[in-house]
Amino acid sequence: IEKQTLPDGDPATFEFTGDVSGSLSDGQTAEKSVAPGKYTSTETVPAGWELTDISCDDGNSTGDTATGIATFNVEAGETVRCTFTNTQLPPPEPATLTLAKATNPADEDATFRFIGPDDWKPVLGHGETSTTEVEPDTYTLLEKFEHAWELTSIVCDGGDPVIDLAAGTATVSVESGDHVTCTYTNTRTCPQHGYIAVE
């Protein structure tokens with residue numbers, strides 16, 4: 001077996017199992033002396049790569065890129081070479097989450113605290129937003145409840161949101177290149193309205 005990569009010369013290592021096995025980088029080969037017969041070798045495709053071609057220099061030996069398997073049909077005195085070519089995938093596009101704050105009535109002085117992924121903990125007032133870059137994954141956004149305000153709406157423009165107004169959460173699934181905005185709207189209640197503290 002022979003290993004080739006696109007771009008040429010990449011130092012990544014690829015694992016092969018089966019009758020011919022080993023760890024190969026671009027331009028390297030592995031071989032085995034065998035009796036006439038049928039043999040296979042399978043490549044495990046690492047993250048960030050696509051197996052784009054398996055070509056064998058023997059008319060009755062084949063490669064299947066879907067399974068990563070090369071099948072060697074070796075006859076007496078024959079040397080069969082199958083070349084595995086992998087193409088590096090482009091890096092995932094950045095994805096973002098944005099929190100937007102609205103109050104009813106509009107109150108420029110009130111601020112609201114949020115908890116997002118990692119260390120993203122914005123404090124927002126009416127009309128303000130905060131954005132963070134994230135990896136593709138599922139995230140939960142939480143607004144801490146504030147005295148004299150009721151959370152009356154959470155609207156997200158993507159991410160298949162699961163909304164829980166009572167808990168103050170929106171759970172969204174972010175794909176590569178997504179830009180998801182969740183708008184939290186709070187309505188003022190009377191001063192005697194109870195509140196929940198979330199620590």
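**View 1. The disulfide between C156 and C182 in the predicted model.** In this predicted model, the torsion about the S-S bond of C156 and C182 is about 110 degrees, so this disulfide is right-handed. The pair connects distant parts of the chain, since C156 belongs to strand β14 (residues 149-156) and C182 to strand β17 (residues 179-188), 26 residues apart. From sulfur to sulfur, the distance between C156 and C182 is 2.0 Å. C156 has a relative accessible area of 14% and is therefore buried, because buried means under 20%, and C182 also counts as buried, at 1% relative accessibility.

**View 2. The disulfide between C56 and C82.** Here a disulfide joins C56 to C82, with an S to S distance of 2.0 Å. C56 lies in strand β5 (residues 49-56), while C82 lies in strand β8 (residues 82-88), so the bond ties together parts of the chain that are 26 residues apart in sequence. The torsion about the S-S bond of C56 and C82 is about 110 degrees, which means that this disulfide is right-handed. C82 is buried, with a relative accessible area of 0%.

**View 3. The pairing of the bonded cysteines.** A search of the whole structure finds two disulfides, and when the bonded cysteines are numbered in sequence order, the pairing reads 1-2, 3-4.

**View 4. The largest pocket.** The largest pocket has a volume of about 410 Å³. It is lined by 21 residues, of which E31, K32, E78, T79 and V80 are the closest to its centre. Sorted by class, the lining of the largest pocket consists of ten nonpolar, four polar and seven charged residues.

Technical notes: Residues are numbered from 1 along each chain as its sequence is written. This is a predicted model: local features need pLDDT of at least 70, side-chain atom pairs count only at pLDDT 80 or more; totals for chains, interfaces and linings use all residues. Side-chain values use heavy atoms; hydrogens and water are left out. On a 1 Å grid over the protein atoms alone, a cavity is a set of points where a 1.4 Å probe fits but cannot get out, and a pocket is an open set with protein on both sides within 12 Å along at least five of seven lines; lining residues have an atom within 4 Å of a point. Grid points are joined across faces, edges and corners, and a volume is the space filled by probe spheres set on the points. Ala, Val, Leu, Ile, Met, Phe, Trp, Tyr, Cys and Pro count as nonpolar, Asp, Glu, Lys and Arg as charged, and the others, Gly among them, as polar. A disulfide is a pair of cysteine sulfur atoms within 2.5 Å. Helices (H or I, at least four residues) and strands (E, at least two) are DSSP runs, numbered from the N terminus. Buried means under 20% relative accessible area, exposed over 50%, partly exposed in between (1.4 Å probe, protein chains only).
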